Amino acid sequence: MLSKVFEWSRIVHPAPEDDFVTKRTAVVTALVEAFSTDSGRMIDCACIAAAGVTARFVQDTPIISEVIAAIRKVQPATPEAIGENGMNLRSCCALVVGEIAERQRKKGGRSAECDAMVAIVLATLANRRPPPERHLREMLAELMEICKSAAKNSAEHRHQRWSLPRYINNIKEAADVPAFWTEAKKQFLHLANSIEANEQVTREELDTLWWAFNGLSSGTDTSFADMPVGLVALDGATDLSDLVLLPPLPNTPFLLSRVLKAGRSPKDLEERVLRDLLGHWDKEAAERYVTDDGNVAALVQGNPAVFPISWVCHRMAEDNSFLSDMKKATGWDPAGKIRPDRLAFQIFQEKVAQRLYENIIE
Amino acid sequence: MRLACSKQDCTVAATNTCLLLNRPPETCPNVIVQDNDEKQAPVDVAPPVESQAEDVGRVFFSGFELGTSDAAEIMRASYGTVIAVLGQYDTGKTCFLASLYLMTACRSIGDELGFAGSLTLNGLETRARRLREWKDGALPKQLADHTVLADPRKPAIVHLGLRERSSERQRYDLLITDLPGEWSTDLIKDAGVADRFAFLKRADGIVIALDGPMLNGPERHAAAQNAKLLISRLADTLNVDRSLPFVLMVTKADEVGMQVPSIVAFLEEQARQAGFSPKVIPVAAISRKPTEVKSGTGVMDVIEYILGRHTISSMPTFAFTDTAGARNFARIRG
């Protein structure tokens, strides 16, 4: 996010001067050019920006060596060691992610890679208590807003209804049938695709609203009203994330609030200890959540800070305990308090990010 | 044989001493060895020194204090908590630092935090040295030397690393400014010196040192007026972030029975009107009545208030988002 180079550079320098800002801008510009066409780098950048340099990133990890090399190219006095560049890497990656998201937002339309990248950031930050460090907190809040805006634009583009008559109007008269058909076929294909896209938008609306109206878990065929609230958060968010078109409209998660509320007293929906809500889950519930895709599973298990609840489900599905090291691994304190609907939103956001990632890997 | 270096700041060509202290300098990976007959390759040699730069002396990192660029070395690795300690001459700013250092050295900063390194041990030790010069069993009248900056245009910063003793082992790198009182006095008198305080934009907390006995004595009104002007400068001229932890540190509080002088309430109100949320903390950094008030009383209260370790932050709000188009499906609310 080039407009924020000065502010976000203050994370790593108490009073950055013009020369520092100019050099950092050059670094970010170069990295954006290099990473915009590389989905793997974009995902790694998003993970580092949102969660910091976690254990899966080591000195030889390509993203680490490339970002440090880019910084050293203009600031040779920067050390090479990853241990001496933790915050440097994070602020640089945040600038790169913010700039890519901002450029896509201004360009309009959709980019599958950018959608996955911003979804990773939102899954990490949207429902997490911000860090106590003031300037880091501010940077992450601003990054989240940029990503929300990019996600919203992309979702609106995906969910728009295409006007159909123009394709017919675009077909011109031609002197002979082959010439006519060459042009007409193109327009008919566009028309068919637009009909299909419009149909998908309508189908999503019907499917999600009927699902919410029925109030039944697709996994267990049990009424949500009869399930413990923690389990409703898991099953409900999983069901909804499978029904929505990607990327989902920003207000779609509020359907989860309605599902949670149905047949329940307000007291059930108050803040409670996360550990208690997770206690409503069992191995079968976790197995329903966990994906079969090996790439997604690797992403989840390599980035517990990005996918804290998915990490818990993977642990549960493998019959491993998770409470004792959950805080250290994910940054989420099981003794902390959370409302059931926020837990549902988090699960939904993680599932959406994983589905978007799966799409770009395919 | 002549030596040159690809690192911009290295003067091995002139001094034959490697910036990275490689001995002999020819073993440095960045060195460029040239025969006397060869012409210099301009790309690999440090760029010519500009005439403006010739006037600036080369500053080596001494371990006494950090400049802003030195502090960046720490901040690059992990988050640095910048604490700006401001106040007029002889209000106890340096004593506060010395007390913090000595308490840390004696493991007297509480059970939750422990020492985790410092890049300015020499500087902290020098500040504390005068406290050990007793005469006839009594503390000297002036407990710390007058602060003099190596570069008068840039703030001096001392570094103290602390780490939690709990299983989380969270680390805090404190970067605390030690400014001469003249800086604050100059700011009060002349808004034009505000440029020096650019680092305040990065501060994580501001501490205004107020001389407790002076605020109780005959000169209290003048002292309070100066403090009020300082607060105004911070708010109006420097436009410091109003949400920053803002401490009114009443120093030498042992000499006033650990009671906050009544005039401080006026300053607290001034700070509130300026938009800050001030916290008044009486501090006895070096107590002259140790049997009544222990040395270091209040010092860690200031640090803990700024760190806010036990504050639980709120989750980001999940609010309804206005979307384009008229579809009701896009406007679901909880």
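**Stop 1: the largest cavity**

Select α7 of chain A. α7(A) gives the most to the lining of the largest cavity, with 4 residues. This is a predicted model, so read every stop as a description of that prediction.

How many cavities of 30 Å³ or more does a search of the whole structure find? The search finds 1. The space in the largest cavity comes to about 70 Å³. Its lining is made by 13 residues. To centre the view, pick A:Q104, A:G109, A:D115, A:A150 and A:S154, which are the closest to the cavity's centre.

Now colour the elements around it. Three of them give two or more residues to the lining: α5 (86-107), α6 (112-125) and α7 (134-158), in chain A. Then colour the lining by class.

**Stop 2: chain A as a whole**

Zoom out and show chain A as a cartoon. Count the elements: 17 helices and 2 strands. The C-alpha atoms of chain A fill a box of roughly 70 × 60 × 35 Å along the principal axes.

What is the radius of gyration of chain A? It is 23 Å. A compact globule of 362 residues would have a value near 21 Å, and chain A agrees with that.

Switch to a surface. Chain A has an accessible surface of about 15,400 Å². Carbon and sulfur atoms own 52% of that surface. Of the 362 residues, 53% count as buried.

**Stop 3: helix α11 of chain A**

Select residues 254-261 of chain A. This is helix α11. Is it largely enclosed or largely open? Of its 8 residues, 6 are buried, so the rest of the structure largely encloses the helix.

Show the side chains of A:F254, A:L255, A:L256, A:S257, A:V259 and A:L260. These are the buried ones. The buried residues of α11(A) pack against α9 (177-214), α10 (229-243) and α17 (340-361) of chain A.

Step just past the end of the helix to A:G263. There, phi is positive, at about 70°.

Then go back to the loop between α10 and α11 of chain A, where A:P247 lies. Show the backbone here. The peptide bond that joins A:L246 and A:P247 is cis, with omega of about -10°.

**Stop 4: chain B as a whole**

Chain B has 334 residues, and 46% of them count as buried.

The accessible surface of chain B is about 17,200 Å². Carbon and sulfur atoms account for 51% of it.

Which share of contacts in chain B, counted at a separation of 6 or more, comes from residues 24 or more positions apart? That share is 73%.

**Stop 5: helix α6 of chain B**

Select residues 181-189 of chain B, helix α6. Which of its residues are buried? They are B:G181, B:W183, B:S184, B:T185, B:L187 and B:I188. Then bring up what they pack against: β3 (80-86), α4 (93-105) and α8 (220-237) of chain B.

**Stop 6: strand β2 of chain B**

Select B:V33. This residue sits in strand β2 (residues 31-34) of chain B. B:V33 has a relative accessible area of 41%, so it is partly exposed.

Draw a distance from B:V33 to B:V193. The two are 160 residues apart along the chain, and 46 Å separates their C-alpha atoms.

**Stop 7**

Finish with two loops.

Select B:R107 in the loop between α4 and β4 (113-115) of chain B. Its phi is positive, about 55°, although B:R107 is not a glycine. Is B:R107 buried or exposed? At a relative accessible area of 61%, B:R107 is exposed.

Now select B:N239. Find it in the loop between α8 and β8 (246-251) of chain B. B:N239 is not a glycine either, yet has a positive phi of about 50°. Its relative accessibility is 47%, so B:N239 counts as partly exposed; the exposed class starts over 50%.

Note on methods
Residues numbered from 1 in each chain as written. Chains lettered and ligands numbered in written order. Predicted model: local features only at pLDDT ≥ 70, side-chain atom pairs only at ≥ 80, totals over all residues. Heavy atoms only, no water. 1 Å grid on protein atoms, 1.4 Å probe; cavity = no way out; pocket = protein on both sides within 12 Å on 5 of 7 lines; lining within 4 Å. Points joined across faces, edges and corners; volume = space filled by probe spheres on them. Rg over C-alpha atoms; globule rule 2.2 N^0.38 Å. Buried < 20%, exposed > 50% of the residue type's maximum accessible area, 1.4 Å probe, protein only. Areas by Shrake-Rupley, 256 points an atom, 1.4 Å probe, with all protein chains shown as cover. Contact = heavy atoms within 4.5 Å.
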